[in-house]
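Please keep the model open while reading.

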Amino acid sequence: MRGLPLDDEPPRTFTTALARTLGFLVLLAAAGLLLTQSPFSSPPSLAPSPDRTNPRDFQRLPISCPAQFPGLAPELQFDIPAPGDSQRQVYVDRLRGAVRVRTETFDGAPTDGADEWYDKFYKFEAYLKETFPDVFTTLKLEHFATHGLLLTWAGSDASLAPLVLMAHQDTVPVPAETTARWTYPPFDAVLDEDSWVWGRGGGDCKNLLIAHLSAVSALLAAGFEPTRTVHLAFGFDEEGGGVHSARYIAAHLEDVYGIGQDSVFMIVDEGGGLMPDYFGRTWVAPSLGEKGSVNVHVSVNVPGGHSSIPPAHTAIGILSALVTTIEAHPAPVKLSKSNPFAAFAQCLGEYGTIDDELKALLKHERTWPEAAELMAARSPGDAARLSTTQAVDIVGGGVKVNALPEEAHVVVNHRLSVDNSIPGLYQRYMALLTPEAAKFNLSVVGFGESPRAGVERYVQLSSPRGAEASPVTPAEGAAWEVFSRTSTHLWPDAIVAPYLSTGGTDTRSYVNLTRAIFRFQGVRDDERMNIHTVDERVHMNGHLNAIAWVHALVQNADKFRN
Ligand SMILES: [Zn+2]
């Protein structure tokens with residue numbers, strides 16, 4: 001059992017974070033106070049790991065790979081049970097049982113959480129209570145929007161900002177026509193001989209939800225009593241229902257803790273992020289930000305008529321030209337200082353085994369444009385992380401073969417880069433499509449506008465609700481250090497590097513509570529497969545590591561003082 005050494009000197013990154021947050025004057029005023037308080041750590045080792053090749057070149061850059069911290073062992077260790085151990089079977093059964101309770105969410109689901117459509121979540125809650133009686137009797141349970149669950153493990157020191165562990169109860173559906181393509185039936189939760197648990201929701205997000213509960217259960221069994229309050233927050237329509245249950249839970253936490261950048265110490269929610277054997281290293285890569293998302297509707301409107309006397313271009317033909325224009329002008333890729341993925345690229349340059357060409361381009365900001373182009377050309381995923389993407393996903397128009405279509409439309413899904421905004425995207429559309437539409441003698445009616453009376457030939461642009469890119473979690477400061485040291489405790493050889501999520505999570509509703517949002521679970525990327533599709537599965541080693549990580553995180557966050 002190793003204790004947590006206390007030290008008089010706050011970590012350097014912690015003061016840096018404060019300086020940025022509060023400003024230099026405030027820092028000066030607070031310095032005396034800070035220096036008398038003790039974060040848990042011994043002075044973090046800011047020394048580069050031995051195989052960091054050429055740190056000086058990289059340190060001059062405006063964005064750099066964060067300092068790497070040594071692991072911090074919590075007082076209570078979580079021993080991962082070996083195959084054959086009866087305790088391992090307990091963990092297996094908990095996860096399998098959760099997959100077996102179907103909690104699919106569908107687009108267009110009711111907006112009222114009390115609607116009987118959501119009654120399946122009563123079953124899921126009952127399953128959780130029956131599986132974790134210790135957790136549900138010790139922690140306080142509250143409901144939001146009927147099925148949103150908030151568990152509170154009250155800490156002894158109410159002045160400490162809480163730790164919030166999130167996951168969602170719902171899953172994407174299994175379309176009936178795909179059921180036969182599954183290796184094992186999607187809700188049987190079969191454990192195969194290689195220790196994979198197969199089924200919908202095993203990887204997204206029941207693995208994480210059960211890991212949170214199992215970690216708390218193990219800590220309860222070990223007699224752990226938190227000083228810092230821990231919340232478990234489980235929404236039930238992350239995958240696209242109509243309630244937005246996360247908002248209700250977040251609003252309650254705002255009432256309790258107030259709105260602010262530090263009202264909550266740290267939030268952990270779903271994400272990927274443990275990448276083994278990637279450019280010669282293991283990476284712990286929490287998503288410190290997530291891209292925005294917006295759908296743009298482009299609708300071509302022209303007079304109809306009989307198809308026996310057609311114009312040169314019908315609405316569909318004109319729409320095709322507009323789509324061609326949109327696709328010919330994708331947003332440029334960019335390594336930008338505000339994108340956490342740029343910091344990941346720097347870590348790659350410093351610690352990864354990458355080719356000399358890319359390494360050289362990453363070293364100097366003036367060659368970042370070329371570096372971005374090179375990365376994007378090699379990997380569609382990197383291209384997406386370095387730009388605002390566009391995907392023409394839906395098309396419609398025309399009803400009858402002998403009638404000229406009066407309207408034709410497409411819907412384009414954009415995932416917004418952290419550098420771009422929705423208004424900026426709208427402006428880009430206007431600039432791009434106005435001259436193209438003019439070639440067909442059409443005007444463009446912009447977002448939120450209506451065509452003038454009598455105008456028959458126009459392109460209507462519109463867009464329902466969209467989401468801007470999230471704020472970015474700082475890769476420094478207290479929560480970052482706790483995150484890093486917990487991770488390097490479990491994976492001592494890993495480099496902890498910022499990352500960017502191309503998808504969205506429920507944390508979007510929680511941004512008023514803290515800047516310290518980490519989208520991460522302690523599962524290797526190759527132990528969690530086929531999320532959202534046929535043969536979704538998670539490996540038990542991954543699930544057990546996810547438990548071990550949360551088990552350590554709760555304790556390390558508990559010991560941190562600021
Ligand atoms: Zn999910």
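## Strand pairing

Two strands count as paired if DSSP finds at least two bridges between them. Helices (H or I, at least four residues) and strands (E, at least two) are DSSP runs, numbered from the N terminus. The model is predicted; local features need pLDDT of at least 70, side-chain atom pairs count only at pLDDT 80 or more, and totals for chains, interfaces and linings use all residues. Residue numbers start from 1 along each chain as its sequence is written.

Strand S15 (residues 407–416) pairs with strand S11 (residues 292–301) in the antiparallel sense, over ten bridges. Val300 has Ala408 in S15 as its bridge partner. S15 is also joined to strand S13 (residues 389–397) by eight bridges, and these two run antiparallel. Here Gln390 stands opposite His414 in S15.

## Annotated active site

An unreviewed UniProt entry gives the annotation "active site" to Asp170 and Glu238. UniProt positions follow the numbering used here, feature names are shortened, and annotations may be inferred rather than shown by experiment.

Asp170 sits in the loop between strand S3 (163–168) and strand S4 (190–191). Glu238 sits in the loop between strand S6 (230–235) and helix H8 (245–257). Are they buried or exposed? Asp170 is buried, with 29 other C-beta atoms within 10 Å. Glu238 is buried too, with 28. The cut-offs, for C-beta atoms placed from the backbone, are 20 or more others within 10 Å for buried, 12 or fewer for exposed, and partly exposed in between.

## Neighbours of the site

Contact means that two C-beta atoms, placed from the backbone, lie within 7 Å. Residues up to four places away in sequence are not counted for Asp170, which touches Thr103, Glu104, Thr105, Phe236, Asp237, Glu238, Glu239 and Gly241. With that same exclusion, Glu238 touches His168, Asp170, Ala246, Thr505 and Asp506.

## A helix pair

Helix H11 (residues 356–363) packs against helix H12 (residues 368–378) at an angle of about 140°, with the axes 7 Å apart. Axes are lines fitted to C-alpha atoms, for helices over the stretch in contact, and angles run from 0 to 180 degrees between N-to-C directions.

Leu358, Leu361 and Leu362 in H11 meet Glu370, Ala371 and Leu374 in H12.
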